Structures are given as C-alpha cells and as structure tokens.
Amino acid sequence: MESTKVKERIFLSSPHMSDEGYEMQYVKEAFDTNWIAPLGENVNGFERELAEKVGSKAAAALSSGTAAIHLALKAAGVGEGDIVFCPTLTFSATANPIIYQHAIPVFIDSDYETWNMSPVALEQAFERYPDVKAVIVVHLYGLSADMDRLLEICRKHDVAVIEDAAESLGTYYKGRHTGTFGDYGIFSFNGNKIITTSGGGMLVSDNEERIAKARFWATQSRDEARHYQHSELGFNYRMSNVVAGIGRGQLKVLDQRVEKKRYIFEFYKRELGGLEGVEFMPSNEWDEPNYWLSSLTLSGSVRPIDLIEVLEKENIESRPVWKPMHMQPFFEKYDFVGTDVSEKLFENGVCLPSDTKMTDEDLTKVVEIIKGLWRK
Ligand SMILES: Cc1ncc(COP(=O)(O)O)c(C=O)c1O
C-alpha cells in the first residue's frame, strides 16, 4: 500500500519555540493574572531585556517592525514632502512607512561587498539631493551594512539615521549590535524572523524622551487627562502583554538560534561552495552576522528559478533575493541612485531554506537535490 504520510515541508524560516517552554511560562503568568491586555509586566520586561541585549538605552514594544519604522520616521521629524534615502534592495516594509508620512523615498543601490547600502551611491545621492531628512539603512538577511562608512557620510550631512535591523537581531558590526548605531533602530518579530512573537516589533534608541514619545503615539496619543483628550494624531501600535511574553521567552534562545543559523550557513558553504557559478553572500571581517537566511548567487547555467522549482517539487521552500524597490510597480516613479548591483543580486540570488528546526538529514537532502542540478 502506498504511504499516505505527507512529506513535511522544509521552510525558509519558520517559528521555533524554545524546547524549555520559556514562552509559555510568561504567557501563563499573563493569563493567570488576567493581565493579557493592554500592557503589563511582559511588555515592560521585554522592552528592558531587549534593550539590554542589544545595548540600547530605551525600547518601545510595538505591533510590528513596520510600525516601528513608521514611528522612527515620525520621531526623526519626517513629514510631508521630505526626502528619505532608503536601500532599494529590501522588503517593501522598509519603504512603505515613508509613504505613510507623505514623504518621498529615493532608492539607493547596494554594493557586492555587503549586499547593503553602497556608500558610493549614498554620496552620489547626497550630491543630487542635498536636503534630506533621514536615511534608512537595512541589514539585509542578517548581514551588517558598513556602518562606519555610511555614518561618516550621514554625519557630514547632519541627517537622522534609522537602522532597519528587522532581519539582523543577533548581528554585530565591529562588536556592537546592529540597530544601535543610528538615531533609531527597529527589530521585527514577524513569524519568519530569527525569533518571533507571532508578530511584533521594537523601536530602540538612546534617546529615552523620543522613545517615551513613540509609546505615546502608539497608544492613540492620549494626553494626560481623566477624559479622553488628544492634541496629536495617534496610532494603535502597542504590543500586547501576551505577545510580549512570547518575546521574553524567545529572547532567551536567541544565541542558540544564531548558532544554528551559522551552522546551516557553514553546512551549505562547505557542500555547495565548490559548484561552478555559486557564490555565497559576502563575509566581512567586521561583520558577525546572525545568518538569518543563507543566500547565494548563481552565475552559471543553473538559474535561481531552476533551484527554487526543483526544491519546491520536494516540498522545500526557497525564494529569490528581494526584488529591488525601484523595480516595483508601486515605487518605480521614485528616483534611484546607483548602478545595476541590486538588479543583478535580484536576478541571480537565491535564499536557501534556513529554518533552525532543520536536521542534518534535512540539510543533506537539500544539498543533494541542489547538487543534482549540476550533474545534469
Ligand atoms: C527588512 C525588513 N524590514 C521591515 C520588516 C517589517 O517587519 P514586520 O513584518 O514586523 O512589520 C521586515 C519583515 O517583515 C523586513 O524583512
């Protein structure tokens, strides 16, 4: 009789709760005390613990990383008609909040050394647009951008810097945690991130006053008054006390998750690094990545789509590198500064399954399927 067992899907990166059940302990506490909403000890604790982990003075727990970018832009004073520089090679959530603020994004190319914002393109962008309100820097796939070079340029132009560290919790640049170099940093706890709360985000900054202001905006901008009074536009962006409990538990296993992601990357590099046309994402001596997604580019006859499709047939998830924002129908009307680096990374790049629940057997299966493409 044919087996009816469905092959379990191997994911790109999916939720992975702790073996120890840390998350449930915090969630249970919230339930036992009926303190499931709105705020509470888990929210305060998660803000405190995350700020400590990354080395930031203050943090605001929010409903998503996107909300955190939105409030960072607002805190930086970005408003209608302002220009914001944004990497083109990123997820749309980096750029969307610029539009929420009725500001104007200008997209900046990547370089091959980091896959992140090119300092050369950034300089050119400042020549074209001397009056810029903020620069968003992304640490793509857990690889850090070259912060020293980017910050030097930004400082010359006296512009606010926001780090989108949604994908880089656990990544250090020259020994310091990504997300803590700019005026504001943001993290995401979306389901596919290195740790997850099912959904959520965090805004961090050394400016405690601005973080307090962000918390105020995130709770509908309620003025201090017994009656409901509002002097400013508000948002419903706060994280709930249940969700924050999951985050506190997940934070305890972050280092373990980084360790496993590194193991996965090294496994792939060892097994696939010698194949013709394969080049892995860059390694820089100043970068200590979290290896959120193991990614590579293909320059030979095997194309990204061949690899993605052959894995999909075996119920294994992989995907192309982000499609640059300046190539997106919604964003193509905005200016772009650079050459063709991000376009080439999109054309040739693949993100391999990097789920921390993968076993050696799973990893071997993935590499054998991929190697098969070179044997044809
Ligand atoms: C680079 C980047 N920025 C922002 C976000 C948005 O985070 P969230 O999904 O928590 O809103 C994500 C992920 O979803 C991301 O990958």
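Helix 9 and helix 12 cross in a right-handed sense, in what is a predicted model. The axes of these two helices, which span residues 254-272 and residues 360-375 respectively, come within 10 Å and cross at roughly 35 degrees. On the side of helix 9, the contact is made by Tyr263, Ile264, Phe267, Tyr268, Glu271 and Leu272, which meet Asp360, Leu363, Thr364, Val366, Val367, Ile370 and Lys371 of helix 12. Sorted by class, this contact of helix 9 with helix 12 comprises nine nonpolar, one polar and three charged residues.

**Domains**

The domain assignment of the protein chain gives domain 1 (22-251) and domain 2 (254-375). Taken over C-alpha atoms, the centres of domain 1 and domain 2 are separated by 25 Å, and 48 residues of domain 1 are in contact with 41 residues of domain 2.

**Cavities**

| Cavity | Volume | Lining residues by class |
|---|---|---|
| Largest cavity | about 50 Å³ | three nonpolar, six polar and three charged residues |
| Second largest cavity | about 40 Å³ | two nonpolar, six polar and two charged residues |

The largest cavity is lined by Ser13, Ser14, Pro15, His16, Lys193, Ile194, Ile195, Thr196, Gln250, Arg257, Lys261 and Thr356. Why can the largest cavity be said to lie between domain 1 and domain 2? Both domain 1 (22-251) and domain 2 (254-375) give residues to the lining of the largest cavity, and therefore the largest cavity lies between them.

The lining of the second largest cavity is formed by Ser56, Gly179, Thr180, Gly182, Asp183, Tyr184, Gly185, Val204, Ser205 and Asp206. Among the elements of secondary structure, strand 8 (184-188) and strand 9 (201-205) are those that give two or more residues to the lining of the second largest cavity.

Technical notes: Residues are numbered from 1 along each chain as its sequence is written. This is a predicted model: local features need pLDDT of at least 70, side-chain atom pairs count only at pLDDT 80 or more; totals for chains, interfaces and linings use all residues. Side-chain values use heavy atoms; hydrogens and water are left out. On a 1 Å grid over the protein atoms alone, a cavity is a set of points where a 1.4 Å probe fits but cannot get out, and a pocket is an open set with protein on both sides within 12 Å along at least five of seven lines; lining residues have an atom within 4 Å of a point. Grid points are joined across faces, edges and corners, and a volume is the space filled by probe spheres set on the points. Ala, Val, Leu, Ile, Met, Phe, Trp, Tyr, Cys and Pro count as nonpolar, Asp, Glu, Lys and Arg as charged, and the others, Gly among them, as polar. Domain bounds come from an automatic or database domain assignment. Helices (H or I, at least four residues) and strands (E, at least two) are DSSP runs, numbered from the N terminus. Axes are lines fitted to C-alpha atoms, for helices over the stretch in contact, and angles run from 0 to 180 degrees between N-to-C directions. A crossing is left-handed if the near helix is turned anticlockwise from the far one by less than a right angle, and right-handed if clockwise. Contact means heavy atoms within 4.5 Å.
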